[in-house]
Amino acid sequence: GNRRAESGQFSAAADLFTDAIRLHRDDYRYHANRSFCYDRLGQYDRALRDANAAVRLAPAWAKGYFRKGRALAGLKQYADAEVAFEHVLKLDRRCTDAIIELQRIRVQQLMDMGFSRAQSELAIRKFVKLRLALDSLLAGKLEGEYVSEEEEEEE
């Protein structure tokens, strides 16, 4: 399964992890690996089901919560995804992937509220937390802050 996933054959890998789960139902790694495959296939509901199984089987394993956060983000359940990624950081505060994902979903939430990508990224970089970033945008606290032409063109 791992070799198939590494080569981008996510459907075939998911099938192999399904076979492994049938043989070793309580091995959290197979659930997490299949969750990864479903995430890559855009099957976020299935990814979430497997991530939840991994978390239930190994509640102190950060990667299970990371898989859960990815699935929730794919389902656009950003607030729940944020909680999952924050839990990853409680278990492994140096997990750069979780830090990146947290920033990504916070920016996306601001963009969903109508702010530009450049405004959203600037606010999250400056204030980190979504609530603080939103409050600063609504209060106009970032007005006059420099946004490069390149950042504006990306919108």
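1. Start with Cys-37. Cys-37 counts as buried, because its relative accessibility is 0%. Buried here means under 20% relative accessible area, exposed means over 50%, and partly exposed lies in between, using a 1.4 Å probe and protein chains only.

2. A word on the model. The structure is predicted, so local features need pLDDT of at least 70 and side-chain atom pairs count only at pLDDT 80 or more, while totals for chains, interfaces and linings use all residues. Residues are numbered from 1 along each chain as its sequence is written, and side-chain values use heavy atoms, with hydrogens and water left out.

3. Now the cysteines. A disulfide is a covalent bond between the sulfur atoms of two cysteines. The working cut-off is a pair of cysteine sulfur atoms within 2.5 Å. By this rule there are zero disulfides. Cys-37 is in no disulfide, and its nearest cysteine sulfur belongs to Cys-95.

4. Next, the overall fold. The protein chain has 10 helices and zero strands. Both are DSSP runs numbered from the N terminus: helices are H or I with at least four residues, strands are E with at least two. Read along the sequence, the pattern is α-α-α-α-α-α-α-α-α-α. The C-alpha trace spans about 60 × 30 × 25 Å along its principal axes.

5. Burial and surface come next. Of the 155 residues of the protein chain, 44% count as buried. The chain exposes about 9,300 Å², and carbon and sulfur atoms supply 46% of that area. Accessible areas come from the Shrake-Rupley method with a 1.4 Å probe; for residues, only the protein chains shown count as cover.

6. Check the charges. The protein chain carries 26 positive and 26 negative side chains. Lys and Arg count as positive, Asp and Glu as negative; His and the chain ends are not counted. The centres of the two sets lie 9 Å apart. Each charge is placed at NZ of Lys, CZ of Arg, CG of Asp or CD of Glu.

7. Look at contacts along the chain. A contact means heavy atoms within 4.5 Å. Among contacts between residues at least 6 apart in sequence, 39% join residues at least 24 apart.

8. Now go inside. In soluble globular proteins, nonpolar side chains tend to be buried together. A nonpolar core is a set of buried Ala, Val, Leu, Ile, Met, Phe, Trp, Tyr and Cys residues joined through side-chain atoms within 4.5 Å. How many residues are in the largest nonpolar core? It has 27, and those with the most contacts inside it are Ala-5, Cys-37, Ala-81, Phe-85, Val-88, Ala-98 and Ile-105. The elements giving two or more residues to this core are α2 (10-23), α3 (28-40), α4 (44-57), α5 (62-74), α6 (78-91) and α7 (96-112). Apart from this core lies another, of 11 residues, among them Ala-123, Ile-124, Leu-134 and Leu-137.

9. Take Ala-81 as a close-up. Leaving aside residues up to four places away in sequence, Ala-81 touches Gly-69, Leu-72, Ala-73 and Ile-105.

10. Ser-120 is worth a look. Ser-120 sits in helix α8 (residues 117-127). Is Ser-120 buried or exposed? Ser-120 is buried, because its relative accessible area is 0%. Not counting residues up to four places away in sequence, Ser-120 touches Val-107, Leu-110, Met-111 and Phe-115.

11. Trp-61 lies in the loop between α4 and α5. Trp-61 counts as partly exposed, because its relative accessibility is 23%. With residues up to four places away in sequence set aside, Trp-61 touches Tyr-28, Arg-29, Ala-32, Ala-54 and Leu-91.

12. Arg-131 belongs to helix α9 (residues 130-138). Arg-131 counts as exposed, because its relative accessibility is 55%. Arg-131 and Arg-29 are 102 residues apart in sequence and 34 Å apart in space, C-alpha to C-alpha.

13. Finally, the backbone. Most residues other than glycine have a negative phi. Lys-76 is not a glycine, yet has a positive phi of about 65°. Lys-76 is in the loop between α5 and α6. Val-128 also has a positive phi of about 65°, and lies in the loop between α8 and α9. Lys-76 is exposed at 60% relative accessibility, while Val-128 is partly exposed at 45%.
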